[in-house]
Amino acid sequence: MYDVLFLQFASVEPDLQRRDLLVRSLITQLNLNPNATVIPGFLSASPTLQRRQSLSLALVGKRSNLLLQASQSNTQRVNNVASGISDDLSRADNVRQRGFDVTFSHKLTPIASVSTSVSWQRSRGDTNAQSSALKTVSTGYNTQIGYRTSLNVGARYTQSTGSVQPYTERAVYGSVGFSF
C-alpha cells in the first residue's frame with residue numbers, strides 16, 4: 001500500500017522525505033494498513049523459487065480514494081532433499097496463490113475518515129485436498145480525538161474454507177493511538 005501511494009505522489013511531491021511524510025500521513029488519516037499485501041507469504045524449511053506477478057492501482061481524489069491490488073504467485077521447492085521438517089512444500093511440490101484487495105476510503109472531515117476493504121485469497125497445492133480460500137470484509141472509522149491522539153474503531157468478517165481447519169471470524173475492534 002505504501003509503495004503504491006509513494007509512487008502515485010511522485011509528481012505532487014518530488015522531495016523524497018516530504019513525500020514519505022505525506023504518504024504516511026495520508027495512510028494514517030484514511031485508516032489504511034501501510035504493509036497490506038494481497039498474498040502473505042509462508043515459511044519454508046528449504047530453499048524455494050517463487051514467481052510472482054502483482055498489479056496495483058490507486059485512484060486518489062480530494063476526499064475519496066480507491067486502491068486496487070491483485071497478485072498471483074507460484075512457489076516451488078528448489079531441491080527435493082527431505083529436510084525432516086514439515087512445511088507447506090513438504091506435502092506439495094508447488095503452492096499457487098492468487099488474491100485481490102479493493103479498498104475504498106473517504107475523508108468525512110479534515111480529522112475523520114471511513115474505509116471499507118474487501119479481499120480474497122486462494123492457495124492451492126498439487127491436489128484439490130491442498131487448497132484453501134480466505135475472504136475478508138472490513139470497515140473502519142478513524143478520527144483525531146486530541147493533539148497527537150487518534151481513535152480507530154471497526155468491524156471485520158473473515159471466512160476461511162479449505163482442507164485444514166475452516167473458520168469464520170466476526171470481530172469488532174478499537175484502538176487509541178498516541179504519536180510523539
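Predicted model: local features only at pLDDT ≥ 70, side-chain atom pairs only at ≥ 80, totals over all residues.

Student: What makes D93 partly exposed?

Tutor: Its relative accessibility is 49%. Buried needs under 20% and exposed needs over 50%. D93 falls in between, so it counts as partly exposed.

Student: Where is D93?

Tutor: In the loop between β2 (64-77) and β3 (94-109). Its C-alpha atom is 8.4 Å from that of T75, and the two residues are 18 apart along the chain.

Student: Which elements does the chain have, and in what order?

Tutor: There are 2 helices and 7 strands. From the N terminus they run α-α-β-β-β-β-β-β-β.

Student: How are the strands arranged in the sheet?

Tutor: They form an open sheet in the order β1-β2-β3-β4-β5-β6-β7, with antiparallel pairing. The twist averages 10 degrees from one strand to the next.

Student: Why are β1 and β7 called edge strands?

Tutor: Because β1 (48-60) and β7 each pair on one side only.

Student: How do you know that β6 and β7 pair?

Tutor: Count bridges. Pairing takes at least two. β6 and β7 are joined by 12, so they pair, and they run antiparallel. Within this part of the sheet, V153 stands opposite G174 in β7.

Student: Why is the contact between R156 and E169 called a salt bridge?

Tutor: The cut-off is 4 Å between a side-chain nitrogen of Lys or Arg and a carboxyl oxygen of Asp or Glu. The closest N and O atoms of R156 and E169 are 3.0 Å apart. That is within the limit, so the label holds. R156 lies in strand β6 (residues 149-162) and E169 in strand β7 (residues 167-178), so the pair ties together parts 13 residues apart in sequence.

Student: Are those two residues buried or partly exposed?

Tutor: R156 has 31% relative accessibility, and E169 has 28%.

Student: How many salt bridges does the structure hold?

Tutor: It holds 2. R24 and D20 also meet in one, at 2.9 Å from N to O. That value, too, is within 4 Å. R24 and D20 are 4 residues apart in helix α2 (residues 16-29), so about one helical turn separates them. R24 is partly exposed at 46%. In general, side chains of opposite charge can pair when their charged atoms come close.

Student: What makes a group of residues a nonpolar core?

Tutor: Its members are buried nonpolar residues joined through side-chain atoms within 4.5 Å. The largest such core has 10 residues, among them Y2, F6, V23 and L67. Helices α1 (2-8) and α2 each supply at least two residues of this core. α1 gives the most, with 4 residues.

Student: What share of contacts joins residues 24 or more positions apart?

Tutor: They account for 51% of the contacts with a separation of 6 or more.

Methods:
Residues numbered from 1 in each chain as written. Heavy atoms only, no water. Contact = heavy atoms within 4.5 Å. Buried < 20%, exposed > 50% of the residue type's maximum accessible area, 1.4 Å probe, protein only. Axes fitted to C-alpha atoms, helices over the stretch in contact; angles between N-to-C directions.
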